[in-house]
Amino acid sequence: MDDNGFSDPYVKFQLGKEKYRSKFKSKTLNPKWLEQFDLRMYDDQTSQLEMTVFDHDVTGKDDFMGRAVIDLAKLEREATHTICQNLEDGAGMVRLLLTISGTAGSETITDLANYTPNPREREERVRNYGLLKSFNNIKDVGWLQVKVFKAQGLRAADFGGQSDPFCVLELVNSRLQTHTEYKTLNPQWNKIFTFNVKDIHSMLEVSVWDEDRDKKVEFLGKLSIPLLRIKNGERRWYALKDKKLIHRGKGAVLLEMDLIFNHTKSAVRTVNPREEKYMQPEQKFKISIMKRNIDRVSQIISSMMEGGRFLQSCFNWESTPRSITAFIVYLVVVWNFELYMLPITLLIVFLKNLVIAQILGAFKKEQVEDDYVDEDDDDDDDDKEKEEKKSFKEKLQAIQEVCLQVQQGMDMVASLGEKVKNTFNWTVPWLSGLAVIILAVGTIVLYLLPLRLLLLAWGINKFTKKLRKPNAISNNELLDYLSRVPSDSELLQYREYRPDLGGTTISKKKRQ
C-alpha cells in the first residue's frame, strides 16, 4: 500500500458491539502481531466475527487492505481452533487461534453439575491410547481432563476488599477459561475441561485473574504443572505463585486431573521438535539475570575443571592407591575396548545415580522459599507503554539488544549443561528411563552390527530425508530430547509450595 513496496498493517475485530484493534507493524507484508485479547459474546447478538485489515498512515486516512467474516456458531465451544482465514478478493491470509470459552451458567458442557463419570468411556479411551494403538495418529499423544473446583484466600484487587476472579488454563497454545465469579475471594467455579495432548512434556499453566469493567484484567496468581507429575484422580490444593513462578503468591486453587497417554507416541514425539508457544513474555536485558547466568556457566566450568584436576592427580601420583587403580582400569579398558562399551558406561552412570536417588529419598523434599533473589520488580508492563524518541535512548536500546544476546547465549549454554546433569540425575524419571532404554538398545545394536553399516544407515537417512519428506523440519534428535529436560531455573518454576490460607491447614482429598 506504500510507495516503498510495503505496508504498515493492523487488524480491527468486531463482534456485535465488542471491538478490538491490534498494533500496527511497520514496513512488512508478513506481519506477526502475537497479541491476545478477549471479546464478550452474547446469545442475543450476532455470532459473526468481522475482521478488517488496514494500512496505517501517519498522515491522512488509513488504507483498507482486506476483510473477512468468521461464523462463530460453526465452531466447537471449549476448544482452541487454529484458523487460517483468507481475506476477500485474495488480499492475503490471517492466521489466528480462537477459543469460545468462559461460558456463564449451569447449562454449559463444562459445568460439573452436568457431568456424570462414565467408567466405560474412560476404559475405551485407555484402550485407544494403549500399546496396540501406538502407530495410529502418531501426533495424538494423549488426553487430559482438568476439574477446576474453587479457589480460596485470593488477593483483593478491587475497592471494598473483594475481587472478580476467573481461572485460565493453558496447554501450550490451547487456552480455556472459567466464567467470572463476582465480588469474592473464595470463588467456586466447578468446571471441567479437556485437552488433546500433543507432547507429554508440556506444562499445564493455571492462572487466576481479576476482571475489571474496562475490559482490563489484573493478575492474581499462577502455577505451572508438568504433565508427567500429574497423579490421576487426586483432588488437591495448589498454592498460587507470582508471575515469574518463583515466589509464593496469595491463595490456592483446588484441582483434580486425569491424564491418559501412549508411551510409544510420547517417546517418538520426544525426539522431534517441540511445538512453539506463540504467546511468550518479551525477553529483556537485566543485570540480575546476567549475573545469575554467569554463575550457572561458572558452576559448569568449575565441575569440568574439577574432573580435569582429578585426572591430573592420577597422572601426578598424588594418591598412590588411586593412581594404581586408575592405571590398571585404563589398561584393561583400552585392551578390551569395543564400541558397544560406550553406551554401557553411560548405563552404569544412570543406574548409579538411580540407586543414589532412591537411597536419598529420590526426588527431593519441598524447597523452602527463598533462595532466589530477583532485583527487578514486576513493573515491566509499564515500560512497554513508553516510546523511545531520543537518539540517546535508541543507542542505549542497541546496546541492550547486544547485552540481551549475550545474556541469552549464556543462558543457553548453562541450560544445556544443567539439562545433561538432570538427565543423569533422574530429575524426570520418564525421560531418564527412556534414555536407559535407548542406550540398552544401542548397546545391543553396536554389539551385533559393524560400525560402517550403522554410519551408512545414518547417512542415507539424513541425505534422503528431504527427498522422502519435503515438508519435514530439520532437527537434531539429541537436542530435541534435551529440550524436554528441565534446567535448574525451570525446576525452580515448577516447585510447589504448601498451600497456606491464613493458617488454615488444607488436607489432600483423594477420590474414593
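This is a predicted model: local features need pLDDT of at least 70, side-chain atom pairs count only at pLDDT 80 or more; totals for chains, interfaces and linings use all residues.
When I say that two residues are in contact, or that they pack against each other, I mean that they have heavy atoms within 4.5 Å. Okay, with that settled, hi everyone.

Let's begin with the whole chain. There are 512 residues, and buried ones make up 35% of them. The chain has eleven helices and 15 strands. If you put a box around the C-alpha atoms along the principal axes, you get roughly 85 × 65 × 50 Å. And here's a number about how the chain folds back on itself: take the contacts with a separation of 6 or more, and 66% of them join residues 24 or more positions apart.

Now, helix 2. Please find residues 263-270. Which residues are buried there? They are K265, S266, R269 and T270. Looking down the axis of helix 2, you'd see these buried residues fall within an arc of 140°, so they line one face of the helix. And what does that face pack against? The buried residues of helix 2 pack against strand 14, which is 248-261, and also against helix 8 and helix 10, the latter being 477-484.

Let's stay with one of those partners, helix 8. For two packed helices, what you want to know is the angle between their axes and the distance between the axes. For helix 2 and helix 8, the axes come within 12 Å and cross at roughly 80°. Anything from 65 to 115 degrees counts as roughly perpendicular, and that makes helix 2 roughly perpendicular to helix 8. If you want to find the spot on screen, look for H263, S266, A267 and T270 on the helix 2 side, meeting W430, L431 and L434 on the helix 8 side. By type, the residues of that contact are four nonpolar, three polar and no charged. Notice that S266 and T270 were also in the list of buried residues of helix 2.

Helix 8 also packs with helix 5. Helix 5 is residues 341-359 and helix 8 is residues 429-448, and their axes are 9 Å apart at an angle of about 155°. Over 145 degrees counts as roughly antiparallel, and therefore helix 5 and helix 8 are roughly antiparallel to each other. Their crossing is left-handed. Who makes the contact? From helix 5 you have P343, I344, L346, L347 and F350, and from helix 8 you have S432, A435, V436, L439, A440, G442, T443 and L446. That set divides into ten nonpolar, three polar and no charged residues.

Next, a few single residues. First up is S323, which sits in helix 4, residues 320-336. Is S323 buried or exposed? Its relative accessibility is 2%, so S323 counts as buried. Leaving aside neighbours within four places in sequence, S323 touches S313, C314, W317 and E318.

W209 has a relative accessible area of 21%, so W209 is partly exposed; the cut-off for buried is under 20%. Beyond neighbours within four places in sequence, W209 has contacts including P165, F166, V217 and F219. W209 and S163 are 46 residues apart in sequence, with 8.9 Å between their C-alpha atoms.

Now something about the backbone. Where do we find a positive phi in a residue that isn't glycine? One is V172, with phi of about 55°, in the loop between strand 8 and strand 9. Another is K183, whose phi is near 55°, in the loop between strand 9 and strand 10. How about their surroundings? V172 is at 17% relative accessibility, so V172 counts as buried, whereas K183 is exposed, with a relative accessible area of 68%.

Last stop: N118, in the loop between strand 6 and helix 1. N118 has 39% relative accessibility, so N118 counts as partly exposed. N118 and E256 are 138 residues apart in sequence, and their C-alpha atoms are 16 Å apart in space.

That's my tour. Over to you for questions.

Conventions: Residues are numbered from 1 along each chain as its sequence is written. Side-chain values use heavy atoms; hydrogens and water are left out. Axes are lines fitted to C-alpha atoms, for helices over the stretch in contact, and angles run from 0 to 180 degrees between N-to-C directions. Helices (H or I, at least four residues) and strands (E, at least two) are DSSP runs, numbered from the N terminus. Angles under 35 degrees count as roughly parallel, over 145 as roughly antiparallel, 65 to 115 as roughly perpendicular and the rest as oblique. A crossing is left-handed if the near helix is turned anticlockwise from the far one by less than a right angle, and right-handed if clockwise. Ala, Val, Leu, Ile, Met, Phe, Trp, Tyr, Cys and Pro count as nonpolar, Asp, Glu, Lys and Arg as charged, and the others, Gly among them, as polar. Buried means under 20% relative accessible area, exposed over 50%, partly exposed in between (1.4 Å probe, protein chains only). The arc is that of the directions from the helix axis to the C-beta atoms.
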